[in-house]
Amino acid sequence: MSDRPARPLPPPPYRRPWSLAGALERGLALVSMVALGWLLSITLEWGGMAFGLWEEPGAGHSTRLLQTELTWLRQDLLPATGHPRLVAWTQEGARLGYQWSGLHALVTWLVTPAPHEPSGLTALRRTLLTFGDYLLAAAQITQLVGVRLAVVLLSLPAFAVAAVMGGLDGLVQRDLRRFGGAVESSFLYHHLKKLLRPLISVPILVYLAAPWPLHPTAVFIPPALAFGWFVQRTVARFK
C-alpha cells in the first residue's frame, strides 16, 4: 500500500445566489406548479362528476365553486381594501385564464360551426358535444383557477411582511447569541432553510387544485405566520 496522502477533493463550483439561470429555474418551477394545479383541479372535478361524488348534476358543482369564491371576494376583499379594482382584477384573471387555456376557442368552435366544414370535423364536434358537461366543467374550473391565481398574487405580500418581521427579529437574536458567547451550530440553519420553500409552494398548490371552496384567509394566513417564524429561526441560527 502506498503511503502517499490522499488528494483533497476539489471545492464545489461556486454558484451565485442570484443569477439569470436561477431566476429562470424559479420561473419555470412556478409555471409548472400553476399548470399542475390547474390539471389536478380539472382531473378531480371530472373524477367527481364521473363517480357521482358531487351533489349537483352535470357541471353544477364547478359553477357553484366559481360563484362561491367570487362572492367571498366581493364580500371580504372590497370592504377590507375599499378598492373595487382589486375585485375586478381577480375577475380579469378568470377571463384571461379561460382564454389562454384554449378552452374559449374550443367552446366557440363547438357552438358556432363554420359553413362548408369537412365531415371529419363535424363528426369530431358531435363527439365532443356528448361530453358537453365535462367541457363546461373544465371551463368553469379554468376560470376558478384564474381567480385563485390572482388571489395568490394578492397574498404574496403577507409572506413578504412575515419574512421581514421574522428576519429582523432573527438578526436581533443572532447578535444576542454571538455577543453572549453562545455555541454556534449550522445544523439547524441548513435544515430550517429547506422548509421555507414548501411553506409557500404547498399552500399555493393545494389552493389551486382543491375541488371544494377554500377561503384565502384560512389557506394563506397560517402558512404566512409559520413562514415568518421559520425565517426568524433560520436567521437566528445563521453562522
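# Exercises on a predicted helical chain

Of the 239 residues of the chain, 31% count as buried, where buried means under 20% relative accessible area, exposed over 50% and partly exposed in between (1.4 Å probe, protein chains only). This is a predicted model, in which local features need pLDDT of at least 70 and side-chain atom pairs count only at pLDDT 80 or more, while totals for chains, interfaces and linings use all residues. Residues are numbered from 1 along each chain as its sequence is written, and side-chain values use heavy atoms, with hydrogens and water left out.

## Exercise 1

Describe the secondary structure of the chain and the sequence range of its contacts.

*Solution.* Step one is to list the elements: the chain has nine helices and zero strands, and its pattern along the sequence is α-α-α-α-α-α-α-α-α. Helices (H or I, at least four residues) and strands (E, at least two) are DSSP runs, numbered from the N terminus. Step two concerns contacts, meaning heavy atoms within 4.5 Å. Among contacts between residues at least 6 apart in sequence, 76% join residues at least 24 apart.

## Exercise 2

Determine how helix 4 and helix 5 are arranged, and which residues bring them together.

*Solution.* Begin with the geometry. Helix 4 (residues 103-111) and helix 5 (residues 119-129) pack at an angle of about 110 degrees, and their axes are 10 Å apart. Axes are lines fitted to C-alpha atoms, for helices over the stretch in contact, and angles run from 0 to 180 degrees between N-to-C directions. Next, classify the angle: under 35 degrees counts as roughly parallel, over 145 as roughly antiparallel, 65 to 115 as roughly perpendicular and the rest as oblique. Helix 4 and helix 5 are therefore roughly perpendicular to each other.

Then identify the residues. Helix 4 contributes L106, W109 and L110, which meet L121, L124, R125, L128 and L129 of helix 5. By class, this contact has seven nonpolar, no polar and one charged residues. Ala, Val, Leu, Ile, Met, Phe, Trp, Tyr, Cys and Pro count as nonpolar, Asp, Glu, Lys and Arg as charged, and the others, Gly among them, as polar.

## Exercise 3

Turn now to G167, which lies in helix 6. The C-alpha atoms of G167 and A236, 69 residues apart along the chain, are separated by 8.2 Å.

## Exercise 4

State whether Q140 is buried or exposed, and name its contacts beyond four places in sequence.

*Solution.* First, locate the residue: Q140 is in helix 6. Second, apply the cut-off: Q140 counts as buried because its relative accessibility is 13%. Third, list the partners: leaving aside neighbours within four places in sequence, Q140 is in contact with S62, T63 and L66.
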